[in-house]
Amino acid sequence: MKVITIIVPAYNEEASLGPLIDRLDLLAESQPNYRFEYLFVDDGSKDRTLELLKQHAAENPRISYVSLSRNFGQEVAMLAGLDKADGDAVVIIEADLQDPPELVPEMIKLWEDGYDDVYARRNTRKGETWLKRSTASWYYKVLQRSSKVEIQRDTGNFRLLDHRCVLALRQMRERERQAKALFSWIGYKKIEIVYDRDPRAEGETKWSYPALINLAINGITSFTIAPLRAASIFGFIISFVAVIYIFLIIIQTLFTNNHQAGWPAIMCVVLFLGGIQLISLGIIGEYVGRIFNETKRRPLYLVDEYHRAAEEEDQA
């Protein structure tokens, strides 16, 4: 009997755990030819997520969980799940029920047809603002145009991966992770399914706009390069102010008799070029900071607790 491991990264998801596990149980019961394991990764939750996982695991033999020592972020939490997953195929799904577990049988069918990566593309994104949908669309366009690898558009982490894809992803230990790009980089035989993404079932999203911006620029970086990031922002501000000032000087020269020969032009050039230089230094600093973080060779995460599913123990 083939094993399907469902990886669920969870951070402060106490309100969603019960409904999610109920729907996963219905899924498992509808697929009697497969054995399902639910592998929850508690990413340093501050609510009762871990406590509830322990209660559910005591009653449900399909549940395994990994508790990380602190919050390492969703990207690292997914890797922790992949490191522990031993199924013939792995499904990654969000804990907030925006991605319906009922799509998994269709994913399994395509996997049995020979596909290694069955990814779900969002047709609609219910419960999200126009601004969030628009910025997500712009982000995917920029990501596609700037990458040599074709990146799937309008997709998240909701997908089924064959075990050989899991083995490939385990080898990628970089700290600044971008899962969507890594899924594309490994290649293998891919196919998409289209679905309408549901609004969040319970609780509130953990993705604020600053967090999404950080994700878009390849994750939150170490505090040691924060001054370089500030230099970039300051450079953009100075450049913007300089451009406004240039327009004001032009208008003043054309429509008034108040001419300040020499000094305004010099200030405009100095401010504009200074802003460009700060922007350039900030961009270089981002890459230097990533190199610095990689050379420290710290572990990507630390495990506080690990519980293995009772069904898996019985099989062993």
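The questions below concern a predicted model and take up a helix pair, backbone angles and salt bridges in turn.

Q: Why are helix α1 and helix α2 called roughly parallel?
A: The axes of α1 (residues 14-30) and α2 (residues 49-59) cross at roughly 25 degrees. Angles under 35 degrees count as roughly parallel, and the two helices are therefore described in that way. Their axes come within 9 Å, and α1 passes α2 in a right-handed crossing.

Q: Which residues of α1 and α2 meet?
A: On the α1 side they are Glu14, Leu17, Gly18 and Ile21, and on the α2 side Thr49, Leu52, Leu53 and His56. By class, the residues of this contact comprise four nonpolar, three polar and one charged. Gly is counted among the polar residues.

Q: What makes the phi of Asn12 worth noting?
A: Most residues other than glycine have a negative phi. Asn12 is not a glycine, yet its phi is positive, at about 55 degrees. Asn12 belongs to the loop between β1 (2-10) and α1.

Q: What is the phi of Leu97, and where is Leu97 found?
A: Leu97 also has a positive phi, near 65 degrees, and is a residue other than glycine. The loop between β4 (89-92) and α4 (104-112) contains Leu97.

Q: Why is Leu97 called buried, and why is Asn12 called partly exposed?
A: Buried means under 20% relative accessible area, and partly exposed lies between that value and 50%. Leu97 has 4% relative accessibility and therefore counts as buried. Asn12 has a relative accessible area of 22%, so the label for Asn12 is partly exposed.

Q: What does the salt bridge between Asp25 and Arg62 tie together?
A: The side chains of Asp25 and Arg62 meet at 3.1 Å, N to O. Asp25 is in helix α1 and Arg62 is in the loop between α2 and β3 (63-68), so the pair ties together parts that are 37 residues apart in sequence. Both Asp25 and Arg62 are buried.

Q: Are Asp116 and Arg164, which form a salt bridge, buried or partly exposed?
A: The closest N and O atoms of Asp116 and Arg164 are 2.8 Å apart. Asp116 is in the loop between α4 and β5 (117-125), whereas Arg164 is in helix α6 (residues 163-170), 48 residues apart. Asp116, at 7% relative accessibility, counts as buried, while Arg164, at 42%, is partly exposed.

Q: What makes Asp117, Arg159 and Lys190 one network?
A: These residues are joined by salt bridges that share partners.

Notes:
Residues are numbered from 1 along each chain as its sequence is written. This is a predicted model: local features need pLDDT of at least 70, side-chain atom pairs count only at pLDDT 80 or more; totals for chains, interfaces and linings use all residues. Side-chain values use heavy atoms; hydrogens and water are left out. Axes are lines fitted to C-alpha atoms, for helices over the stretch in contact, and angles run from 0 to 180 degrees between N-to-C directions. Helices (H or I, at least four residues) and strands (E, at least two) are DSSP runs, numbered from the N terminus. Angles under 35 degrees count as roughly parallel, over 145 as roughly antiparallel, 65 to 115 as roughly perpendicular and the rest as oblique. A crossing is left-handed if the near helix is turned anticlockwise from the far one by less than a right angle, and right-handed if clockwise. Contact means heavy atoms within 4.5 Å. Buried means under 20% relative accessible area, exposed over 50%, partly exposed in between (1.4 Å probe, protein chains only). A salt bridge is a side-chain nitrogen of Lys or Arg within 4 Å of a carboxyl oxygen of Asp or Glu.
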